[in-house]
Amino acid sequence: PRLGAESLTPGRLGTGAFRGPVTEAYNRRCAIPGERTLPVLDAAHIKPYAEMGPHLIANGLLLRSDFHILFDDGYITITDDLRVQVSGKIKEKFENGREYYQYGDRPLLITPKHSDERPSPDFLRWHNTERFLS
């Protein structure tokens, strides 16, 4: 067999119910560079669902997949005033990162129109203290 033994992996409940509203709130564009190519856009939890983060638009960002990975791993964060912060750890660890440092200290390009859908300061503070590699 080419693939090995079959196994069952439980799906995460609510994932589709989270992705759709976050995608629409951000007008189908990445919050950071404004990318519109939908197949590479992910609904990212600010505080992960696995750590009791809710499936709320205010706990979400629509991010291009590379930004999503860097956000989840703590190399990028968003400040309370909705500015992008990029960790110096990218350069230290990977000897690279020029692509991402250009976004440092810039405001999010795309934010939801409705204030109750914008990233929650509480979730952003959580990400800044618990995830971001300063």
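A residue is called buried here when its relative accessible area is under 20%, exposed when that area is over 50%, and partly exposed in between, with a 1.4 Å probe and with protein chains only taken into account. The structure is a predicted model, in which local features need pLDDT of at least 70 and side-chain atom pairs count only at pLDDT 80 or more, while totals for chains, interfaces and linings use all residues. Residues are numbered from 1 along each chain as its sequence is written, and side-chain values use heavy atoms, with hydrogens and water left out.

The chain holds 5 helices and 4 strands, where helices (H or I, at least four residues) and strands (E, at least two) are DSSP runs numbered from the N terminus. Along the sequence these elements follow the pattern α-β-β-α-β-β-α-α-α. Of the 134 residues, 40% count as buried. The chain exposes about 8,300 Å², of which carbon and sulfur atoms supply 52%; such areas come from the Shrake-Rupley method with a 1.4 Å probe, and for residues only the protein chains shown count as cover. Contact means heavy atoms within 4.5 Å, and among contacts between residues at least 6 apart in sequence, 62% join residues at least 24 apart.

A nonpolar core is a set of buried Ala, Val, Leu, Ile, Met, Phe, Trp, Tyr and Cys residues joined through side-chain atoms within 4.5 Å. The largest such core has 31 residues, and Ile 32, Leu 63 and Ile 78 touch the most other members. Helix H1 (15–25), strand E1 (41–45), strand E2 (60–64), helix H2 (65–72), E3, E4 and H5 each supply at least two residues of this core. Leaving aside neighbours within four places in sequence, Ile 32 is in contact with Leu 63, Phe 67, Ile 76, Ile 78, Val 84, Tyr 103, Leu 108 and Leu 109.

Strand E2 is largely enclosed by the rest of the structure, because 5 of its 5 residues are buried. In a regular strand the side chains alternate between the two faces of the sheet. In E2 both faces are covered, with Gly 60, Leu 62 and Arg 64 buried on one side and Leu 61 and Leu 63 buried on the other. E2 pairs with E1 in the antiparallel sense over 5 bridges, a pairing that requires DSSP to find at least two bridges between the strands. Within this arrangement, His 45 stands opposite Gly 60 in E2.

Which residues of H2 are buried? They are Phe 67, His 68, Leu 70 and Phe 71. Seen down the axis of H2, these residues fall within an arc of 165°, so they line one face of the helix; the arc is that of the directions from the helix axis to the C-beta atoms. The buried residues of H2 pack against E1, E2, E3, H3, H4 and H5. After H2 comes Gly 74, whose phi is positive, near 90°.

Rings of Phe, Tyr and Trp (its six-membered ring) pair if their centres lie within 6.5 Å, and planes under 30 degrees apart count as stacked, over 60 as edge-to-face and the rest as tilted. By this rule there are 3 aromatic pairs. The rings of Phe 67 and Tyr 100 have their centres 5.4 Å apart and their planes at 90°, so this pair is edge-to-face. It links distant parts of the chain, with Phe 67 in helix H2 and Tyr 100 in helix H4, 33 residues apart, and both residues are buried. Tyr 75 and Phe 94 form another edge-to-face pair, 5.5 Å centre to centre with 65° between the planes. Because Tyr 75 lies in the loop between H2 and E3 and Phe 94 in helix H3 (residues 89–94), the pair ties together parts that are 19 residues apart in sequence. Tyr 75 is buried, with a relative accessible area of 8%, whereas Phe 94 is partly exposed at 45%. Ring pairs also link Phe 67, Tyr 100 and Tyr 103 into a cluster.

Most residues other than glycine have a negative phi. Leu 82, in the loop between strand E3 (76–78) and strand E4 (84–86), has a positive phi of about 60° although it is not a glycine, and at 18% relative accessibility Leu 82 counts as buried. Asp 105, in the loop between helix H4 (98–101) and helix H5 (121–130), has a positive phi near 65° and is exposed, with a relative accessible area of 52%.
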